[in-house]
Amino acid sequence: MRKAKKLSKIYVWGTGLILARILDYKICIDQIEAFIDNDERKTEYLGKKVLRPQEIESDYDAIIVANMHTKEIYDQCVALDIDINKVLFLYNNIQTKDININYGLMEKILGTEYTRAVKSRYHLVRNISKDEIQPGFCDELYETKLFKDDYIRAKTLELVAEEIRKNNIEGETAELGVFQGDFSQLINMMFPDKKLYLFDTFESFDLDEFQEELKLGRCSDNFLTTFKNTTEDYVLSIMPYPDKCVVKKGLFPDTVDGLDDETFAFGSTDVDFEKSILEGLRYFYPRLNKGGAIFVHDYNNRFLEGVKSAVAAYENEIGNKMMKVPLADEGGTLVIIK
């Protein structure tokens, strides 16, 4: 019997968080010939060359698109006469029609489970143009990175914030799991009169919890390194109202000292792992004022399964179901209303 040809030349288009979700989990660095990026400042990543799209050689086996700019990259591939049959788009959120053609190739490289998840992901229209949007109270929202990358999540926050203001819901705001501050920036923007507590280690995940999630197959080795790329100074530098921000650096919930009497109108948890999400709900939900909201990011993320487990575990602890509305945004956010 003739052996199947080994895939020896694979390019990966992207060097960010989506890559971190598959690297050393679904594909190892040794399988990657080089990375592709339009940013000319990037020349090397993880010991591999970073090429411009026009530098791609013709004898490759596959190109894995590991970023959210699906439509732009698709159009660029067509313009450069790149074989779309060999291009694998891990996210298809920009289009209502599936862009991927060769799922057999995807299964060969990334496995059956991951391919099934890609095929079943939401096919949403993203990056809605500014002309199509009814402006809210804060036009600066439409210029932010997160609004452009995750319209549904950002726009939902704006609408929820409007309800909280309209109903005079008391309490402060918080985010558990700040990373580089993209969503915290929007919270600060939407609630300029409220404190924003920023809970994060600013040094990536707790090592023990990371190792536990890694054993369960819920993340990759590269996950830990990726989330080290932040500092509290950088996060504060992008805040529109930094004077309203209170940095609580360290492992949660050890960092809640001195906040016993605090209540909240809005909170966000975006810490990916089950134990941390559960601790966040244990702290924020009892302190959430009636009419307030909590956003739980990655609730419908097929790979960060601990998030959904944490919500179920907390409901079991309190003995009742919370009022929950899932969003069809990039991370599958869950909105909890008190």
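In which loop is Phe-202 found, that is, between which strand and which helix?

Modeller: The model is a predicted one, and Phe-202 is found in the loop that joins strand S8 (196-200) to helix H8. The backbone of Phe-202 has a positive phi of about 55 degrees, although the residue is not a glycine. Its relative accessibility is 4%; since buried means under 20%, Phe-202 counts as buried.

Asp-272 is found in the loop between strand S10 and helix H11. With a relative accessibility of 4%, Asp-272 counts as buried.

Helix H8 spans residues 207-215, and its axis is 9 Å apart from that of H11, at an angle of about 120 degrees. Angles of 65 to 115 degrees count as roughly perpendicular and those over 145 as roughly antiparallel, so H8 is oblique to H11. On the H8 side the contact is made by Glu-209, Glu-212 and Glu-213, and on the H11 side by Glu-274, Lys-275 and Ser-276. By class, this contact has five charged residues, one polar residue and no nonpolar residue.

Helix H11 (residues 274-287) is part of a right-handed β-α-β unit, together with S10 and S11. Strand S10 covers residues 264-269 and is mostly covered, six of its six residues being buried. S10 and strand S11 (residues 288-296) pair in the parallel sense over five bridges; in that pairing, Gly-267 has Ile-294 of S11 as its bridge partner. S10 is paired with strand S7 (residues 172-176) as well, in the parallel sense and over five bridges.

The peptide bond from Phe-252 to Pro-253 is cis, with omega near 10 degrees, and Pro-253 has its place in the loop between strand S9 (245-249) and S10.

For comparison, I turn to an earlier stretch of the chain. Six strands form an open sheet there, in the order S3-S4-S2-S1-S5-S6, with mixed pairing. Strand S3 (44-45) and strand S6 (87-89) stand at the edges; each has a single partner strand, so one side of each is left without a neighbour in the sheet. Within the sheet, strand S1 (residues 10-13) and strand S5 (residues 62-65) pair in the parallel sense over four bridges, and Ile-10 stands opposite Ala-62 in S5. Helix H2 (residues 70-79) lies across S1, S5 and S6, running at about 170 degrees to S6.

Val-87 lies in the edge strand S6. Is Val-87 buried or exposed? Its relative accessible area is 0%, so Val-87 is buried. The C-alpha atoms of Val-87 and Ile-63 are separated by 4.7 Å, the two residues being 24 apart along the chain. Leaving aside residues up to four places away in sequence, Val-87 touches Ile-63, Val-65, Cys-77, Ile-82 and Asn-100.

H3 contributes Tyr-103, Met-106, Glu-107 and Leu-110 to the contact, while H4 contributes Thr-112, Tyr-114, Thr-115, Val-118 and Lys-119. By class, the H3 contact with H4 has five nonpolar, two polar and two charged residues, whereas that of H8 with H11 has no nonpolar residue.

The setting for these details is a protein with twelve helices and 13 strands. Buried residues make up 52% of its 338 residues. Among contacts with a separation of 6 or more, 65% are accounted for by residues 24 or more positions apart.

Note on methods:
Residues numbered from 1 in each chain as written. Predicted model: local features only at pLDDT ≥ 70, side-chain atom pairs only at ≥ 80, totals over all residues. Heavy atoms only, no water. Pairing = 2+ DSSP bridges. Helix = DSSP H or I, 4+ residues; strand = E, 2+ residues; numbered from the N terminus. Contact = heavy atoms within 4.5 Å. Axes fitted to C-alpha atoms, helices over the stretch in contact; angles between N-to-C directions. Nonpolar A, V, L, I, M, F, W, Y, C, P; charged D, E, K, R; others polar. Buried < 20%, exposed > 50% of the residue type's maximum accessible area, 1.4 Å probe, protein only. Right-handed = clockwise from strand over helix to strand, strands pointing away. Parallel < 35°, antiparallel > 145°, perpendicular 65-115°, else oblique.
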